[in-house]
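Please look over the sequence and the model shown here before reading on.

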Amino acid sequence: MSEVVSLERRGPIAVITVNNPPVNALGQAVREGLQKSFAAAEADAAVQAVVLVCEGNTFIAGADIKEFGKPPMAPSLPEVIEGLEACSKPSVAVIHGTALGGGLEVALGCHYRIARKDSQVGLPEVKLGLLPGAGGTQRLPRVAGVAKALDMIVSGAPIKAAEALQFNIVDELFEGDLREAGIAYAQKLIAEGRGARRTGEQSAALEGVDNAALVAAKHAEVAKRMRGLFSPLRCIAAVEASFSLPLSEGLKRERELFTECLSSPQRAALVYSFFSERQAAKVEGLDPKTPTRAFDKVAVIGGGTMGVGIALSFANAGIPVRILEISSEARDKAMERASGTYAASVKRGSLTQDAMDKRMALVTGVTDYADLADVDLVIEAVFEDMGVKQKVFEQLDAVCKPGAILASNTSSLDLNVIAGFTKRPQDVVGLHFFSPANVMRLLEVVRAEKTSDEVLATALAIGKKLKKVSVVVGVCDGFVGNRMVFQYGRESEFLLEEGATPEQVDGALKDFGMAMGPTAMRDLSGLDIGWSIRKRQRQELPAEYKLPVLLDKLCEAGWLGQKTGKGFFVYEAGNRNPQPNPDLQPLLEAASREQGIERRQLSAEYIIERTIYALINEGAKILEEGIAQRASDIDVIYLNGYGFPAYRGGPMFYAEQIGLDKVLARIQEFHAEHGAWWKPAPLLVKLASEGRTFSDWNGQ
Ligand code: 3H9
């Protein structure tokens with residue numbers, strides 16, 4: 001039929017095969033191939049049933065995301081699926097891997113569906129700022145009910161085959177060969193005389209089900225959990241049409257809502273994020289075929305919150321891990337911390353006791369470096385002090401077997417210096433996890449000057465195995481994420497000294513979409529950390545780099561954030577929700593006085609510009625220095641490690657949406673008003689003057 005869709009006859013059965021690697025996305029050629037193949041099967045009098053099957057690792061994973069935003073190409077997917085559904089001969093979709101988005105919509109257009117036991121189905125369009133636009137919002141409620149359809153479409157989360165069977169999304173599960181299973185099912189259909197069973201002809205308005213109430217409940221949930229997002233409300237509206245309108249009108253309504261989403265800036269940002277994440281896995285100059293080393297035996301040095309979090313990430317991935325502590329008391333405490341973390345998940349219901357026991361069986365506490373002689377990988381997560389790191393790496397160098405990877409979780413120290421403490425700097429790499437390490441997806445993989453390609457490739461493989469999003473970065477103070485967040489934190493503190501309250505600063509940034517406000521974030525990580533950095537900076541920085549003084553005042557008062565129940569905010573015991581600190585105002589005023597500032601009202605827009613533009617300016621410097629390979633890598637870091645709203649793409653993408661010239665103009669004003677910190681990044685000046693964007697930047 002075409003290169004990507006073929007048709008063969010097996011007796012009275014037409015077998016249509018899609019073969020469009022890597023994920024059988026529904027690009028124009030696939031759509032056309034499907035349309036023609038189904039038409040040919042329909043026209044062939046000898047055909048009594050049709051089987052749709054896919055080559056490769058997966059059934060169709062959806063529309064071709066690369067086509068979004070480009071002029072539409074016929075035939076459209078809704079049109080193709082309508083044709084499939086109208087076919088007079090029964091058809092069966094044979095699902096394996098993941099039937100996602102348009103892929104599941106194609107399957108719902110077929111008359112029957114069978115799924116391999118290990119497969120999954122889902123409508124993840126909402127994660128791309130869209131809604132299922134090829135009948136999914138109309139057909140899924142008709143087979144699975146409105147409640148399940150709302151859950152799946154609004155969350156975008158896939159479900160396993162067994163659950164799909166339970167909800168009538170598939171008719172049967174199978175194991176083994178796809179084509180044979182499909183043919184066997186089609187033969188059964190023929191033998192039993194079962195003809196076309198069109199999803200669209202079923203009803204979503206079932207008796208006894210209060211669909212309107214389900215819709216109202218979903219609205220309330222979205223208002224609470226998906227603040228600021230454009231497509232979830234439209235997903236609900238589309239599903240509503242499935243039971244309030246006939247199919248043809250429901251499909252029309254779905255199309256209108258889909259088009260609204262398609263042209264929204266959020267869709268552009270979310271699709272950009274999807275590709276950015278995949279792009280981050282590609283490292284310039286690193287051959288994708290570079291061999292990787294084994295990492296079957298792992299050790300973590302240090303059993304604090306970070307070390308234990310890292311160890312649990314490995315246990316979660318089924319990899320045995322040892323935690324090394326300096327004394328048996330500290331080792332026992334680390335083990336308690338590990339089991340306590342799992343026990344909390346069991347209590348919450350997110351982990352079974354059996355799974356906890358299995359994972360804990362993979363974690364061992366040790367106190368002797370000699371116990372690390374046979375490990376493939378060791379990750380140091382000790383105190384951020386070069387002297388301490390030196391001792392650790394010298395000992396590791398002495399005991400670890402040749403070829404073992406020696407990784408540091410340092411968040412700010414010079415990895416080249418750390419590598420120099422060993423006689424094998426080529427085996428040293430940074431694996432910078434984010435706290436809590438067993439939860440956060442981001443992993444900054446720090447490439448030191450002498451890190452070998454093999455070690456770097458293995459670090460990326462480790463990230464993949466732990467289900468992290470890995471981004472390769474170069475060595476500098478704070479790497480990418482923390483170097484930028486320092487600018488952001490400092491500006492947020494300046495804003496407090498200029499007249500804003502913590503509620504105003506955090507409120508403005510949360511409304512912008514940040515998962516957490518910067519002041520509450522600092523309370524969470526502990527104000528003393530910033531205080532000690534601040535003291536060091538006061539000695540190191542040239543005089544024109546003025547620093548805020550407010551933090552010192554809080555720390556001097558003994559307010560260290562959540563851990564003391566009081567910081568910028570106050571915290572009730574056992575409650576992490578920040579409440580206004582009634583004693584803060586005098587400190588704010590004292591800090592303003594000391595800085596010679598007259599406090600004034602600051603708008604939300606101003607707060608956002610001062611903080612987010614500080615991120616952008618530093619990001620531009622990082623990009624120019626080559627610390628990050630590409631602007632999208634910086635965005636991936638911000639989305640996955642710092643709670644930046646995915647629907648804004650990340651700070652660098654956001655800057656491009658605003659226009660680099662506009663961002664630069666504002667930064668120049670801040671520079672004039674607030675001094676040295678705001679010196680515009682030369683790359684920003686260059687790109688803005690040349691009318692280019694960060695994504696254009698290729699080192700020239
Ligand atoms: C939709 O269907 C809209 C319809 O309702 C309405 C239309 C009218 N298109 O993730 P991986 C590429 S919206 C184009 O690393 P994995 C990906 O970029 C769509 N390309 O593999 C990568 O390329 P490269 C709804 C795609 O095994 C390569 O495939 N569907 C698409 O870890 C491998 O990807 C979705 O949102 C695509 N749809 O995971 C599903 N998908 O090698 C999106 C992937 O050049 N996809 N690529 O970097 C996924 O969730 C995962 O890719 C999947 C495989 C689970 C399928």
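Which residue of β6 does alanine 93 stand opposite? Alanine 93 stands opposite arginine 113 in β6.

## Basis of the description

This is a predicted model, in which local features need pLDDT of at least 70 and side-chain atom pairs count only at pLDDT 80 or more, while totals for chains, interfaces and linings use all residues. Residues are numbered from 1 along each chain as its sequence is written, and side-chain values use heavy atoms, with hydrogens and water left out.

Helices (H or I, at least four residues) and strands (E, at least two) are DSSP runs, numbered from the N terminus.

## The six-stranded sheet

Six strands make up an open sheet of mixed pairing, in the order β1-β2-β3-β4-β6-β9, where two strands pair if DSSP finds at least two bridges between them. Its edge strands are β1 (5-10) and β9, each of which pairs on one side only. Neighbouring strands of this sheet are turned against each other by 25 degrees on average, direction ignored; axes here are lines fitted to C-alpha atoms, for helices over the stretch in contact, and angles run from 0 to 180 degrees between N-to-C directions.

Strand β6 (residues 112-116) is mostly covered, with four of its five residues buried, a word that means under 20% relative accessible area, whereas exposed means over 50% and partly exposed lies in between (1.4 Å probe, protein chains only).

Helix α1 (residues 28-43) lies across β1, β2 (13-18), β3 (49-54) and β4, and runs at about 25 degrees to β1.

## The three-stranded sheet

A further open sheet, also of mixed pairing, is formed by three strands in the order β5-β7-β8. Because β5 (98-100) and β8 (159-160) stand at the edges, each with a single partner strand, one side of each is left without a neighbour in the sheet. Strand β7 (residues 120-122) and β5 pair in the parallel sense over three bridges, and leucine 100 stands opposite glycine 122 in β7. Helix α3 (residues 102-109) packs on this sheet, touching β5 and β7, and its direction makes about 90 degrees with that of β5; contact means heavy atoms within 4.5 Å.

## Two residues and their surroundings

Glutamate 85 has its place in helix α2 (residues 77-86) and is buried, with a relative accessible area of 6%. Not counting residues up to four places away in sequence, glutamate 85 touches Leu108, Gly109, His111, Arg139, Arg198, Thr199, Gly200 and Leu247.

Glutamine 202, found in the loop between α7 (178-191) and α8 (211-225), is partly exposed, with a relative accessible area of 28%. With residues up to four places away in sequence again left out, glutamine 202 touches Arg142 and Val143. Glutamine 202 and aspartate 354 are 152 residues apart along the chain, and their C-alpha atoms are separated by 42 Å.

## Packing of helices

Two packed helices are described by the angle between their axes and the distance between the axes. Helix α27 (residues 660-674) packs against helix α28 (residues 682-689) at an angle of about 135 degrees, with the axes 9 Å apart. The two helices are therefore oblique to each other, given that angles under 35 degrees count as roughly parallel, over 145 as roughly antiparallel, 65 to 115 as roughly perpendicular and the rest as oblique. The contact is made by Leu660, Asp661, Leu664 and Ile667 of α27 together with Leu684, Val685, Leu687 and Ala688 of α28. These residues divide into seven nonpolar, no polar and one charged, where Ala, Val, Leu, Ile, Met, Phe, Trp, Tyr, Cys and Pro count as nonpolar, Asp, Glu, Lys and Arg as charged, and the others, Gly among them, as polar.

The axes of helix α11 (residues 265-280) and helix α25 (residues 631-641) come within 9 Å and cross at roughly 105 degrees, which makes α11 roughly perpendicular to α25. Residues on both sides make this contact, among them Tyr272 and Glu277 of α11 and Asp633 and Leu639 of α25. The residues of the contact of α11 with α25 divide into five nonpolar, five polar and three charged.
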